[in-house]
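This briefing concerns the protein shown below.

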Amino acid sequence: MKASRWCRNNCSSRFFAQFAGTYTNRATLFVAEGDRVVIECRGEVTTHKGKPYNNTYCYVCRLANGRLVEPVEYLDAPAPGA
């Protein structure tokens with residue numbers, strides 16, 4: 001199994017296991033020009049320790065032939081429980 005697939009299958013499950021509720025992520029802004037789309041999102045959830053884990057994401061995506069071919073994710077988030 002490729003490292004990226006292993007991490008997607010295992011790292012994210014450990015990451016989400018820290019949350020007491022359902023993680024929500026909602027888009028707040030879309031900007032599109034040419035083959036690029038920028039999406040700003042807000043994520044919110046509470047950890048098992050009762051602390052909020054709220055963050056902001058920015059995705060910059062390139063599309064080709066109606067498909068997502070290059071997703072890049074930027075985020076500003078504290079470590080859960082920090």
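A residue is called buried under 20% relative accessible area, exposed over 50% and partly exposed in between, with a 1.4 Å probe and protein chains only. By this rule Tyr53 is buried, at a relative accessible area of 4%. The model is predicted: local features need pLDDT of at least 70 and side-chain atom pairs count only at pLDDT 80 or more, while totals for chains, interfaces and linings use all residues. Residues are numbered from 1 along each chain as its sequence is written, and side-chain values use heavy atoms, with hydrogens and water left out.

**Overall fold**

- The protein has one helix and four strands, where helices (H or I, at least four residues) and strands (E, at least two) are DSSP runs numbered from the N terminus.
- Along the sequence these elements follow the pattern α-β-β-β-β.
- Of the 82 residues in the protein, 15% are buried.
- Among contacts (heavy atoms within 4.5 Å) with a separation of 6 or more, 31% are between residues 24 or more positions apart.
- The protein exposes about 6100 Å², of which carbon and sulfur atoms supply 53%; accessible areas come from the Shrake-Rupley method with a 1.4 Å probe, and for residues only the protein chains shown count as cover.

**Aromatic pairs**

- Rings of Phe, Tyr and Trp (its six-membered ring) pair if their centres lie within 6.5 Å; planes under 30 degrees apart count as stacked, over 60 as edge-to-face and the rest as tilted.
- By this rule the protein has eight aromatic pairs.
- Phe15 and Phe19 have ring centres 5.1 Å apart and planes at 80°, so this pair is edge-to-face.
- Phe15 is partly exposed, with a relative accessible area of 24%, whereas Phe19 is buried, at 5%.
- Phe15 also forms an edge-to-face pair with Tyr53, at 5.6 Å centre to centre and 75° between the planes.
- That pair links distant parts of the chain, 38 residues apart: Phe15 lies in helix α1 (residues 3–16) and Tyr53 in the loop between β2 (36–44) and β3 (55–64).
- Phe15, Phe16, Phe19, Tyr23 and Tyr53 are linked into a cluster by ring pairs.

**Surface patch**

- Leu29, Val31 and Val38 form a nonpolar patch on the surface, with about 210 Å² of accessible area together.
- Patches are made of residues with over 30% relative accessible area and no salt bridge, like charges being joined within 9 Å and nonpolar side chains (Val, Leu, Ile, Met, Phe, Trp, Tyr) within 5 Å; a salt bridge is a side-chain nitrogen of Lys or Arg within 4 Å of a carboxyl oxygen of Asp or Glu.
- Val31 is located in strand β1 (residues 24–33) and counts as partly exposed, at 42% relative accessibility.
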